[in-house]
Amino acid sequence: NAAVTVKVFDGQDNSGTEVARITHSVTGHYNFEYDMHGVLCRNGIFLEIDESAGSSTAEVSVEFA
């Protein structure tokens, strides 16, 4: 079982405010889009990727519009 949790923080590390959490457990390749309209990260953006719950290899990108 492959599992991953991605946490998004407003800040330069994980001590900032958590603004999103995405948890997913799958096998295979999947693409996710997480719409964060109205969310402002005024202090930077920091991602924490936790794969300890399984054997996932996550690839994450952040796009600004």
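In what order do the elements of the protein run from the N terminus on?

Author: Happy to. Going from the N terminus, the elements run β-β-β, with zero helices and three strands in the protein. Those names come from DSSP runs numbered from the N terminus: helices are H or I with at least four residues, strands are E with at least two. Bear in mind that this is a predicted model, where local features need pLDDT of at least 70 and side-chain atom pairs count only at pLDDT 80 or more, while totals for chains, interfaces and linings use all residues. Residues are numbered from 1 along each chain as its sequence is written, and side-chain values use heavy atoms, with hydrogens and water left out.

A bit of background, then. Of the 65 residues, 20% count as buried; buried means under 20% relative accessible area, exposed means over 50%, and partly exposed is in between (1.4 Å probe, protein chains only). Take contacts (heavy atoms within 4.5 Å) between residues at least 6 apart in sequence: 54% of them join residues at least 24 apart.

Now to strand β1, starting with valine 6, which lies in it. Valine 6 is buried, with a relative accessible area of 9%. Leaving aside residues up to four places away in sequence, valine 6 touches Ala20, Arg21, Ile22, Leu47, Glu48, Ile49 and Val60. For alanine 20, 14 residues along the chain from valine 6, the C-alpha atoms of the two are separated by 8.1 Å.

Next comes lysine 7, which is buried at a relative accessible area of 18%. Lysine 7 makes a salt bridge with glutamate 48, with 3.5 Å between the closest N and O atoms. Since lysine 7 sits in strand β1 and glutamate 48 in strand β3, the pair ties together parts that are 41 residues apart in sequence. The term salt bridge here means a side-chain nitrogen of Lys or Arg within 4 Å of a carboxyl oxygen of Asp or Glu. The whole structure has two of them, including one between arginine 21 and glutamate 18, whose closest N and O atoms are 2.8 Å apart. Arginine 21 is partly exposed at 46%, and glutamate 18 is partly exposed at 32%.

Further along, there's an aromatic pair. Rings of Phe, Tyr and Trp (its six-membered ring) pair if their centres lie within 6.5 Å; planes under 30 degrees apart count as stacked, over 60 as edge-to-face and the rest as tilted. By that rule the count is one aromatic pair. Phenylalanine 9 and phenylalanine 46 form it, tilted, at 6.3 Å centre to centre with 50° between the planes. Phenylalanine 9 is in strand β1 (residues 2–10) and phenylalanine 46 in strand β3 (residues 45–50), 37 residues apart. Phenylalanine 9 is buried at 5% relative accessible area, whereas phenylalanine 46 is partly exposed at 28%.

Aspartate 10 is buried yet has no salt bridge: the nearest side chain of opposite charge, arginine 42, is 6.7 Å away. (Lys and Arg count as positive, Asp and Glu as negative; His and the chain ends are not counted.) A polar atom of the aspartate 10 side chain does lie 3.2 Å from the backbone nitrogen of arginine 42, and the backbone nitrogen of asparagine 43 lies 2.8 Å from a polar atom of that side chain.

Key: A polar contact is a pair of N or O atoms within 3.5 Å; within protein, one must be able to donate a hydrogen and the other to accept it, and residues adjacent in sequence count only if both atoms are side-chain atoms.
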